[in-house]
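Please look over the model below before reading the notes.

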Amino acid sequence: VTKTAPYLVFLALSTRRATEVKRLNSMRHAFSMFDWDDDATILSLKKLLLRCAFAPQFLRSAEGRRFLSFLFTLHPGTTRDLMAIVRNQIPVARKSILAHYGDVLFRAWRCAGGECLHEIER
């Protein structure tokens with residue numbers, strides 16, 4: 001799982017195909033097994049996941065938006081970084097992209113709890 005998950009994220013980002021995004025979404029719960037508190041081991045995976053937040057293939061597909069909303073519930077630090085990306089996109093993004101971000105944030109808000117929910121609402 002430690003090598004498969006980053007590979008699938010890289011594949012979904014590089015190929016830009018909806019099938020790869022769907023495959024990644026189907027195994028999204030494997031990301032819960034990583035140690036998100038250890039920055040040294042999780043840094044490269046975290047960078048890949050943050051790139052997903054503004055990748056068009058993730059925002060266009062329903063599976064990609066589900067995956068992004070799941071990322072908001074993983075760890076408060078990741079939620080904070082994802083919220084910063086969304087806030088930076090607001091002034092420059094098209095209306096359709098903003099609607100997709102709204103969908104992602106609503107799903108994340110509905111599913112999140114504890115510190116992640118606090119970061120979303122902040």
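In α2 (18–26), Val21, Lys22, Leu24 and Asn25 meet Glu63, Gly64, Arg66 and Phe67 of α5, where contact means heavy atoms within 4.5 Å. This is a predicted model, in which local features need pLDDT of at least 70 and side-chain atom pairs count only at pLDDT 80 or more, while totals for chains, interfaces and linings use all residues. Residues are numbered from 1 along each chain as its sequence is written, and side-chain values use heavy atoms, with hydrogens and water left out.

- Helices here are DSSP runs (H or I, at least four residues), numbered from the N terminus.
- Two packed helices are described by the angle between their axes and the distance between the axes.
- For α2 and α5 (residues 62–71), the angle is about 40 degrees and the axes are 8 Å apart; axes are lines fitted to C-alpha atoms over the stretch in contact, and angles run from 0 to 180 degrees between N-to-C directions.
- The crossing of α2 and α5 is left-handed, a term for a near helix turned anticlockwise from the far one by less than a right angle.
- The residues of this contact divide into three nonpolar, two polar and three charged. Ala, Val, Leu, Ile, Met, Phe, Trp, Tyr, Cys and Pro count as nonpolar, Asp, Glu, Lys and Arg as charged, and the others, Gly among them, as polar.

**α1 and α3**

- Helix α1 (residues 4–15) packs on helix α3 (residues 39–52) at about 35 degrees, with the axes 10 Å apart.
- Pro6, Val9 and Leu13 of α1 touch Leu45, Leu48, Leu49, Arg51 and Cys52 of α3. These residues divide into seven nonpolar, no polar and one charged.
- The α1 and α3 crossing is left-handed.
- Ala5, Leu8, Val9, Leu11, Ala12 and Leu13 of α1 are buried (under 20% relative accessible area, with exposed over 50% and partly exposed in between, for a 1.4 Å probe and protein chains only).
- The cover over the buried residues of α1 includes α2, α3 and α4 (56–60).
- After α1 comes arginine 16, with a positive phi near 60 degrees.

**Aromatic rings**

- The structure holds five aromatic pairs; rings of Phe, Tyr and Trp (its six-membered ring) pair if their centres lie within 6.5 Å, and planes under 30 degrees apart count as stacked, over 60 as edge-to-face and the rest as tilted.
- Phenylalanine 106 and tryptophan 109 form a tilted pair, 6.1 Å centre to centre with 35 degrees between the planes.
- Both residues lie in helix α7 (residues 95–111), three residues apart.
- Phenylalanine 106 is partly exposed because its relative accessibility is 43%, and tryptophan 109 is partly exposed at 41%.
- Ring pairs also link Phe31, Phe34, Trp36, Phe58 and Phe67 into a cluster.

How values were computed
Helices (H or I, at least four residues) and strands (E, at least two) are DSSP runs, numbered from the N terminus.
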